[in-house]
Amino acid sequence: MENYQPTADLLKDRIIMVTGAGDGIGRAAAKAYAAHGATVILLGRTIKKLEKVYDEIDAAGHPEPLILPLDIEGAGAADYDQVVERIEEDFGRLDGLLHNASRLGDRTPLEYYNPEEWERVMRTNVTGAFLLSQAMTPLLRAAPDASVIFTSSSVGRKGRANWGAYAISKFATEGLMETLADELDDARTAVRVNSLNPGATRTYMRHLAYPAEDPASNPEPDAIMGAYLYLMGPDSKGVTGQQFDAQIKR
Ligand code: NDP
């Protein structure tokens with residue numbers, strides 16, 4: 001998928017939500033989706049960053065995005081109701097959902113892991129993704145060819161020391177993906193659900209996790225968009241319940 005060649009209008013007329021769209025991989029995905037014709041819903045917590053992404057998409061002449069401010073960690077049922085209402089009113093359906101926002105948390109052995117930090121990581125990475133998926137399911141069902149992508153990590157597929165709640169939240173993300181994929185894999189709906197591990201990518205989170213690493217040793221988010229486009233667009237029709245990697249392991 002690293003070498004996937006999408007057509008220019010791959011996502012034409014599709015409505016796609018990206019969480020954590022203000023920075024890193026989410027920002028790159030939002031811009032890539034817009035560049036391929038999608039109207040992107042930029043969901044995130046830092047409005048200034050979302051506005052910057054909005055301006056970049058607008059300046060490039062791509063479809064006008066929508067900014068939806070939401071702190072996933074603190075959001076409750078009423079917040080999700082508002083998000084649903086807004087999308088229902090503006091679009092009436094959702095063709096794609098990229099769960100990208102995540103909290104890294106502490107890099108500490110479980111023996112010493114702060115239980116409050118554990119809650120915050122789980123709330124952001126797992127409960128938030130569950131609540132948003134639940135709220136969006138009727139809108140996804142209303143689309144003719146919808147795709148949901150959960151963002152995983154290599155530590156969500158094989159546990160690793162000192163990755164704490166983050167690693168465990170990514171295992172839960174894989175479980176959420178498989179369960180939802182199986183539930184939506186019926187004749188009534190065309191919603192496919194998969195997980196994607198971006199692999200080491202040059203972002204703020206990567207820097208937090210590996211402060212001593214030379215950032216130049218990892219690709220920029222823009223360079224790993226092939227898999228993000230493939231899974232979001234019609235070329236992955238019928239593919240569901242599977243784990244993907246955005247970068248070939250070298
Ligand atoms: P960044 O830290 O660069 O970006 C994360 C984005 O998520 C930010 O825009 C951030 O908002 C947003 N976010 C965090 N918490 C919340 C919240 N409570 N509510 C709303 N938005 C929130 O991370 P990456 O781009 O590196 O990571 C993107 C995804 O890829 C994550 O799921 C991560 O786990 C995964 N990943 C990344 C890897 C890498 O090497 N970079 C490797 C493996 C997986 P704000 O800007 O306000 O902080």
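Colleague: How do H4 and H5 cross, and at what angle?
Modeller: This is a predicted model. In it, the axes of H4 and helix H5 (residues 164-184) cross at roughly 15° and come within 9 Å. That makes H4 roughly parallel to H5, because angles under 35 degrees count as such.

Colleague: Is the crossing of H4 past H5 right-handed or left-handed?
Modeller: H4 passes H5 in a right-handed crossing.

Colleague: Which residues in H4 and H5 meet?
Modeller: From H4, they include Trp-118, Val-121, Met-122, Val-126 and Phe-130. From H5, they include Ala-165, Tyr-166, Ser-169, Leu-176 and Leu-180. By class, the contact of H4 with H5 has eleven nonpolar, four polar and one charged residues.

Colleague: Let's take Val-121. Buried or exposed?
Modeller: Val-121 is buried, because 25 other C-beta atoms lie within 10 Å and the cut-off is 20 or more. Val-121 is found in helix H4 (residues 115-141).

Colleague: What is Val-121 in contact with, leaving aside its neighbours within four places in sequence?
Modeller: Arg-103, Gly-105, Ala-165, Tyr-166 and Ser-169.

Colleague: And what separates the C-alpha atoms of Val-121 and Ile-16?
Modeller: 25 Å. Val-121 and Ile-16 are 105 residues apart along the chain.

Colleague: New topic, the ligand. How many residues surround it, and which are closest?
Modeller: 28 residues surround the ligand. The closest are Gly-20, Gly-24, Thr-46, Ser-102 and Thr-203. H1 and helix H6 (204-209) are the elements that give two or more residues to the shell.

Colleague: How do the residues of that shell divide?
Modeller: Into 14 polar, seven nonpolar and seven charged.

Colleague: Back to H1. At what angle does it pack with H2?
Modeller: H1 and helix H2 (residues 47-59) pack at about 25°, with their axes 10 Å apart. So H1 is roughly parallel to H2. H1 passes H2 in a right-handed crossing.

Colleague: Which residues meet there, in H1 and H2?
Modeller: Arg-27, Ala-30, Lys-31 and Ala-34 in H1 meet Val-53, Glu-56 and Ile-57 in H2. The contact divides into four nonpolar, no polar and three charged residues.

Colleague: Last one, H7. Why is it largely enclosed by the rest of the structure?
Modeller: Because seven of the eight residues of helix H7 (residues 225-232) are buried. The buried ones are Met-225, Ala-227, Tyr-228, Leu-229, Tyr-230, Leu-231 and Met-232.

Colleague: What do those buried residues of H7 pack against?
Modeller: Helix H1 (24-35) is one of the elements. The strands are S1 (15-19), S4 (96-99), S5 (147-151), S6 (192-197) and S7 (243-245).

Definitions and conventions
Residues are numbered from 1 along each chain as its sequence is written. This is a predicted model: local features need pLDDT of at least 70, side-chain atom pairs count only at pLDDT 80 or more; totals for chains, interfaces and linings use all residues. A residue is buried if 20 or more other C-beta atoms lie within 10 Å of its own, exposed if 12 or fewer, and partly exposed in between; C-beta atoms are placed from the backbone. Helices (H or I, at least four residues) and strands (E, at least two) are DSSP runs, numbered from the N terminus. Two residues are in contact if their C-beta atoms, placed from the backbone, lie within 7 Å. Axes are lines fitted to C-alpha atoms, for helices over the stretch in contact, and angles run from 0 to 180 degrees between N-to-C directions. Angles under 35 degrees count as roughly parallel, over 145 as roughly antiparallel, 65 to 115 as roughly perpendicular and the rest as oblique. A crossing is left-handed if the near helix is turned anticlockwise from the far one by less than a right angle, and right-handed if clockwise. Ala, Val, Leu, Ile, Met, Phe, Trp, Tyr, Cys and Pro count as nonpolar, Asp, Glu, Lys and Arg as charged, and the others, Gly among them, as polar. A residue is near a molecule or strand if its C-beta atom, placed from the backbone, lies within 6 Å of it.
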